[in-house]
Amino acid sequence: MNEVVGRVSRILEENLIFVSLLAIVVFFSLISESFLSLTTLSTLLNQLPALTVVSIGMTLVLISGGIDLSVGSVVALSAGVIGAGIAILGLPLPIAACLGILTGALVGFANGSLGAYLRLPIFIVTLGMLEVSRGLAYIVTDSQTVYLGAKIQSFAVPWAGSGISASILVALTLVVVFEFLLRSTIFGRQIVAVGSNESAAEVAGIDPRRVRCTVLVLSGLLAGLGGLMNAAYLGSADPNAGIGLELSAIAAAVIGGTSLMGGRGSVVGAFVGVLIVSVLQIGLAQIGITEPTKRVITGAVIILAVILDRWRAS
Amino acid sequence: MTSDTRPRPRFAAQGICKSFASPVLRDVDLEISSGHIHGLVGENGAGKSTLAKIFVGLERADSGSLRLDGKPYRPINAADSLGAGVAICAQELSLVDDLSVAENILLQTSTSSLARIRRKFAEERALKLLDLVGLEHLTPRTLVGLLSLAEKQLVEIAKTFATEAKLLILDEPTSALTAPQAEVLHRILRDKASDGATVIYISHRLRDVLSVCDRASVLRDGQVRLTADCGELSEQRLIHEMAGADADFEATPRSSVSPAPLHLTVEGLRTSNLPYAISFNCRRGEILGIAGLAGSGRTELLNAVFGLDKRVAGSVKIHDKDGTAETRSPWQSIRCGIGMVTEDRSKDGIFRDQALAFNVTIAGLGQISDRSGRLVHSKETSAVARLTRALRVRSHGIHQKMRELSGGNQQKSMLARWLHCGSQLLLLDEPTRGVDVTAKLAIHAELVRLRDSGVTVIAVSSELEELQSLCDRILVLSNRKLVGEFHRRDWSQQKILAAAFSEYDRDIEPSSVSIL
């Protein structure tokens with residue numbers, strides 16, 4: 001009997017975030033009758049894609065020992081480029097979408113070159129790029145929300161009856177792909193190595209600058225994709241999109257067990273982190289908690305997650 | 001109260017037990033008299049450092065008790081033990097690179113965290129302490145990050161002395177020091193002891209322990225096997241107790257070196273740390289030693305060959321059956337079959353928070369992946385299991401975190417990393433530093449075995465005996481110049497030492513120079 005208890009508690013401990021997510025879902029289902037419904041699920045899924053892909057990039061950057069504060073603005077810039085491409089230049093949607101994603105990658109490349117190769121502090125570089133990208137987003141959209149219509153929305157609108165959109169499918173696929181990249185490829189090992197001990201990584205034949213730069217490019221690229229998802233969700237390019245998204249992404253990564261010191265983390269964990277934050281938001285709204293209180297609770301949950309993580313590690 | 005004829009011990013530990021995953025300390029008793037220097041020796045993993053940490057509250061014993069001056073002593077953290085007059089100079093340096101020497105030395109002595117450190121006072125104190133430990137050439141305002149490893153260790157020691165504790169615990173205080181630097185430390189310790197301080201001295205250097213300590217205890221597998229006055233002990237006896245068997249302390253006999261093809265050519269090599277061009281070469285299957293005083297450019301030379309330091313001039317060429325290749329960066333070097341074990345394992349050797357397997361395979365991920373860059377985990381498991389078994393790396397399995405392994409096992413797994421890569425030329429900087437006698441012998445045996453299988457080794461060591469027993473040829477650096485080359489048939493300790501000192505006579509006073 002004791003043995004069974006021990007094994008169950010170990011399994012619970014190893015899958016702490018999944019258990020937490022389940023606990024939150026059960027909690028809200030018990031208090032609110034309308035929580036466990038298809039509408040909730042659909043609202044949730046539709047909100048997720050942009051934050052999910054941005055959190056994937058953030059997780060990789062954090063594991064490599066860096067940080068990327070520019071992603072929220074890059075989402076707006078990418079959406080702005082897509083909007084301007086379609087509305088002003090009259091480009092077809094696929095080309096405009098590619099341009100938006102490419103813009104994100106370019107910002108990531110700028111972050112990477114300045115941070116990794118010129119050895120500027122990455123916190124400051126990406127903070128600067130947060131402003132630069134936001135400014136550029138206003139410039140390309142002329143500070144207006146650009147309406148894009150139904151065509152782009154088809155990417156985010158759930159397929160009839162299924163509740164699943166192309167957006168969310170892409171995001172989920174990327175979670176799996178990047179978790180695989182991290183766990184089971186040479187490049188994934190190199191990211192962990194650089195974040196764990198940069199000088200030791202260099203002695204082991206890894207070029208830390210290349211690795212750091214590459215993850216920042218990936219983060220920019222994924223934020224660019226996040227811009228497309230955001231524009232599709234809204235049906236418009238909003239230069240005010242994604243404000244504070246970088247902080248939500250960091251929170252999701254940390255809740256999912258990623259270390260801000262580098263060298264440890266998980267993409268799937270970050271996705272569960274996204275789910276926890278989103279479920280919390282929706283659940284709290286449904287039981288009538290006001291916006292300010294919601295923020296207090298969300299903040300407390302982030303801190304609680306770090307405390308639990310530390311306790312689990314020791 | 002009845003009077004006891006024996007003096008009451010200054011410090012006593014009774015029945016100390018401690019387990020992490022497995023028992024580390026088992027029922028340890030220790031009594032140390034006032035004014036004594038007490039040596040503590042044992043293999044890596046025997047439990048010495050854990051015991052020291054328990055003495056200053058950095059670890060908590062599972063059971064057992066401590067007494068200080070006859071009163072119960074239960075430190076809950078380092079500050080608490082300092083308050084009771086017990087200070088430790090830990091094996092892992094605890095200096096802050098971005099602070100000055102003075103700030104580092106006085107970091108733990110400021111009575112309250114709010115107390116403003118009075119700079120002038122602090123610097124005067126620091127200056128005195130620097131003089132004491134033989135670092136008079138440093139100024140208190142020097143940033144610690146700019147110091148060499150040996151200087152850092154001396155600063156760490158000065159920091160311990162600054163506490164003016166009555167019980168000092170020194171854990172491997174001389175691992176990075178040269179013999180004269182260590183001698184300075186030993187003199188200070190004897191002075192402190194005659195002033196009534198009590199010292200616990202943990203070291204792998206048995207000769208040092210026998211010469212500096214009054215009594216010594218041997219730990220093996222977490223138990224005290226022997227405590228005796230040093231007058232009654234010998235090196236052989238200590239080794240016997242540590243290893244549990246007579247260890248072979250003789251140098252392995254060399255097989256004769258037949259003329260082998262050139263493996264490495266270094267021509268006119270210069271970096272910002274090596275201002276004078278250095279040229280030498282190395283034949284396949286040779287063990288080449290690099291000797292010199294601390295700071296003579298030994299580490300810098302290995303770094304330059306490996307491509308870690310940017311080259312100003314010169315070239316490094318590797319010759320193998322496919323021809324000649326020039327290398328400029330660590331990744332090119334590794335591709336050409338060079339492997340490097342650095343001097344400061346925790347700084348740029350191991351990934352301490354990652355698994356043993358991660359540490360072994362990180363430089364040779366190509367060996368355990370398919371063509372698309374996908375890792376094959378089963379290949380990794382079997383490769384790491386095979387290597388750790390061959391090198392006798394002691395662990396709880398290949399997924400154990402590197403930080404939980406003892407120093408000797410960490411060092412062996414660094415060798416395993418390059419064996420996994422199939423490296424043909426190993427650059428080893430102090431390969432047996434901070435490693436116990438049996439691990440040291442195992443590493444030596446492994447190097448000889450590698451040499452016999454055609455691997456070339458270039459080793460830097462501060463222990464001339466080690467180089468002489470291991471190498472076929474020794475290069476000597478002095479003040480960043482390559483000043484001599486000695487072959488086995490014509491070398492002597494005196495000749496090598498004379499060469500090592502040759503470039504210092506003019507511009508540096510002898511006090512700041514240290515012997516091998």
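**Notebook: chains A and B**

I began at the interface of chain A and chain B, where the rule finds one salt bridge. The rule asks for a side-chain nitrogen of Lys or Arg within 4 Å of a carboxyl oxygen of Asp or Glu. I looked up the partners: the side chains of A:Arg189 and B:Glu380 meet at 2.8 Å, N to O.

A note on the source: this is a predicted model, where local features need pLDDT of at least 70 and side-chain atom pairs count only at pLDDT 80 or more, while totals for chains, interfaces and linings use all residues. Residues are numbered from 1 along each chain as its sequence is written, chains are lettered from A in the order in which they are written, and side-chain values use heavy atoms, with hydrogens and water left out.

**The contact**

I took contact as heavy atoms within 4.5 Å. Chain A brings 22 residues to it and chain B brings 29 residues. Together the chains bury about 1900 Å², and carbon and sulfur atoms give 64% of that. Of the area that chain A buries against chain B, A:Ile186, A:Arg189 and A:Val203 supply 36%, more than any other three residues. Buried area here is the accessible area (1.4 Å probe) that two parts lose on being put together, summed over both.

**A patch on chain A**

Next I looked at the surface of chain A. A:Leu22, A:Val26, A:Phe27, A:Leu30 and A:Ile31 form a nonpolar patch with about 540 Å² of accessible area together. Patch residues have over 30% relative accessible area and no salt bridge; nonpolar side chains (Val, Leu, Ile, Met, Phe, Trp, Tyr) are joined within 5 Å, like charges within 9 Å. The areas come from the Shrake-Rupley method with a 1.4 Å probe, and for residues only the protein chains shown count as cover. I found A:Phe27 in helix H2 (residues 16–31) of chain A. Helices (H or I, at least four residues) and strands (E, at least two) are DSSP runs, numbered from the N terminus. A:Phe27 is partly exposed, at 47% relative accessible area. The classes are buried under 20%, exposed over 50%, and partly exposed in between (1.4 Å probe, protein chains only).

**Two positive phi angles**

I checked A:Arg119: its phi is positive, about 55°, although it is not a glycine. A:Arg119 sits in the loop between helix H5 (93–117) and helix H6 (122–141) of chain A. A:Arg119 is exposed, at 58% relative accessible area.

B:Arg480 is not a glycine either, yet has a positive phi of about 70°. I placed B:Arg480 in the loop between strand S19 (473–478) and strand S20 (481–487) of chain B.
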